[in-house]
Amino acid sequence: MSDLDHDHLQEAARRHLWMHFSRLGSYLESEIPVIVRGEGSYVFDSRGRRYLDGLSSLFVSQIGHGRQELSSAAAKQSDELAYFPVWSFGHPSAIELAERLANSTPGDLNRVFFTTGGSEAVEAAYKLARQYFKLVGQPGRYKVISRQWAYHGVTMGALSLTGVPAMKAPFEPMVPGAIKVPNAHFFRTMEHASDEQAFGLWAADQVERALVMEGPDSVAAVFVEPVQNAGGSVPPPPGYFQRVREICDKYGVLLVSDEVICAFGRLGEWFGAQRYGFQPDMITFAKGVTSGYAPLGGVLVSDRIGEPFLKDKTSFAHGVTFGGHPVACAVALANLEVFEREDLLAHVRSNEGALQATLNKLRDLPLVGDVRGAGYFWALELVKDKNGNVRFDADERERLLRGFLAPRLLEAGLICRPDDRGDSIIQLAPTLISEREQFNEMEQILRDVLIEAQSIL
Ligand code: PLP
């Protein structure tokens with residue numbers, strides 16, 4: 001790419017491209033990173049600079065960049081049938097993918113409702129739960145429970161489930177009846193601070209408490225991520241999901257596992273629920289199902305929840321034009337073939353210990369208070385004092401995360417995500433093909449930049 005192309009792209013992007021969740025004004029003065037190419041675990045910008053993709057782009061690029069077999073699968077499907085809806089029709093790639101997914105799920109999640117992404121998947125699961133209860137004669141069940149700080153997407157239903165106040169404030173009021181319970185975040189807990197198991201049960205019991213407070217007959221579903229992203233890769237304490245499942249069963253409430261990030265190998269299994277041994281009634285997915293080579297999402301639904309929709313004259317009153325797009329489904333099938341051929345789930349399981357050990361080396365830095373996660377889904381929590389008792393205030397977070405770490409890490413060649421939904425963290429989610437070489441590179445860059453960061457505080 002010539003300098004001229006680069007300059008034109010900068011100018012056109014500044015003038016016309018509305019970047020998501022971005023402070024557009026801050027780019028009026030500074031350069032917009034323009035990524036033009038990807039290869040394996042690396043991407044390249046319009047100036048030819050190379051970056052380690054330490055976030056799988058956005059928890060998406062499971063099999064890495066530049067895989068020609070996925071673009072070939074897209075081209076082949078486009079030639080045969082570029083588009084047809086799954087509204088009252090089927091087409092082979094959607095049918096085959098639905099069968100393939102149903103065969104990898106835990107339990108009897110045998111039916112797939114396709115969408116084009118994660119927010120739509122969560123929105124569909126939310127609506128499905130509501131309509132299900134109307135069909136089975138419990139029309140009063142419309143509320144939903146989710147966890148503080150959890151991110152479940154941006155459409156109004158999914159946003160109402162989201163527990164990040166700043167994301168909702170510009171769009172209030174939310175959908176009524178979206179209740180929040182405390183997070184199962186052991187590092188930040190004041191409850192049972194020395195006993196993770198007891199804390200797990202306490203955290204799960206908060207779901208029961210909320211259900212009882214709201215009136216159990218008014219609640220349709222509980223939404224949880226197996227490992228929660230916002231707040232920094234928060235894995236469940238032992239026994240947490242088993243207890244949440246028991247509570248849902250006790251009160252006849254559906255359990256939805258939002259696996260938009262956690263599915264497709266991120267935690268070393270097809271689905272996060274398998275890793276933690278619990279059985280959801282629905283699983284939402286997106287991102288990694290195609291490794292980003294095409295947009296796709298969906299909801300996996302149990303036979304029990306699907307059953308009332310099979311009755312004569314009944315339909316789920318919901319659909320999107322591009323849900324189950326033939327090209328996206330063909331790409332997903334090709335993606336899953338790569339998973340099988342390269343045994344990527346086993347690769348993640350056998351390398352996650354090395355990733356954890358490499359990141360754990362950073363604990364010697366004064367800024368690093370916690371290193372947590374599972375599979376290839378990790379976060380560093382940044383602290384003002386080693387115990388994490390003194391939190392950064394809003395100005396400090398702004399200076400540290402957005403003012404220094406985000407631009408400096410990029411400059412140093414690492415794509416990752418400094419974030420402060422909740423506390424101050426750096427999110428890391430390498431491609432599932434990453435190995436020790438990439439782990440070490442990530443650690444080295446983080447170490448250098450975090451040492452520098454110390455001096456700006
Ligand atoms: N749910 C979870 C857990 C997510 O992490 C995300 C996105 O990051 C979403 C839902 C929304 O997905 P999308 O951005 O594809 O709409």
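A salt bridge is a side-chain nitrogen of Lys or Arg within 4 Å of a carboxyl oxygen of Asp or Glu, and in this predicted model the side chains of Arg372 and Asp370 meet in such a bridge, at 2.8 Å from N to O. Both Arg372 and Asp370 are buried.

**Salt bridges**

- A search of the whole structure finds 34 salt bridges, one of which joins the side chains of Arg47 and Glu31 at 3.0 Å, N to O.
- That pair links distant parts of the chain, 16 residues apart, with Arg47 in the loop between β2 (42-45) and β3 (50-53) and Glu31 in the loop between α1 (3-16) and β1 (35-39).
- Arg47 is partly exposed, with a relative accessible area of 42%, and Glu31 is also partly exposed, at 32%.
- Glu340 forms a salt bridge with Arg100, the closest N and O atoms being 2.7 Å apart, and this pair connects helix α12 to helix α4 across 240 residues of the chain.
- Glu340 is partly exposed at 49% relative accessible area, whereas Arg100, at 19%, counts as buried because the cut-off for that class is under 20%.
- Salt bridges that share partners join Arg23, Arg397, Glu398, Arg402 and Asp420 into one network.

**Nonpolar cores**

- The largest nonpolar core has 67 residues, of which Phe114, Phe264, Leu405, Ile426, Leu446 and Leu450 touch the most other members; its largest share, ten residues, comes from helix α12 (residues 326-341).
- Apart from this core lies another, of 36 residues, among them Val244, Ile247, Tyr251 and Cys262.
- Leaving aside neighbours within four places in sequence, Ile426 is in contact with residues including Trp378, Leu405, Arg417, Pro418, Leu446 and Leu450.
- Ala94, which lies in helix α4 (residues 92-104), is buried with a relative accessible area of 6%, and touches Val86, Phe114, Gly324 and Cys329 when residues up to four places away in sequence are not counted.

**Helix α14**

- Helix α14 (residues 394-411) has 18 residues and reaches 24 Å from its first C-alpha to its last, close to the 26 Å expected at 1.5 Å a residue.
- This helix bends by about 40° at Leu405, with a proline, Pro407, following within four residues.
- Glu396, Leu400, Leu401, Phe404, Leu405 and Leu409 are the buried residues of α14, and they pack against β12 (377-382), β13 (414-415), β14 (417-419), β15 (425-428) and α15 (436-454).
- At the start of α14, a side-chain oxygen of Asp393 reaches to within 3.1 Å of the backbone nitrogen of Asp395, while the helix is followed by Gly413, whose phi is positive, near 95°.

How values were computed: Residues numbered from 1 in each chain as written. Predicted model: local features only at pLDDT ≥ 70, side-chain atom pairs only at ≥ 80, totals over all residues. Heavy atoms only, no water. Core = buried A, V, L, I, M, F, W, Y, C linked by side-chain atoms within 4.5 Å. Buried < 20%, exposed > 50% of the residue type's maximum accessible area, 1.4 Å probe, protein only. Helix = DSSP H or I, 4+ residues; strand = E, 2+ residues; numbered from the N terminus. Contact = heavy atoms within 4.5 Å. Expected span 1.5 Å × (residues − 1). Bend = angle between axes of the 7 residues up to and from the residue. Polar contact = N/O pair within 3.5 Å; in protein donor to acceptor, adjacent residues only side chain to side chain.
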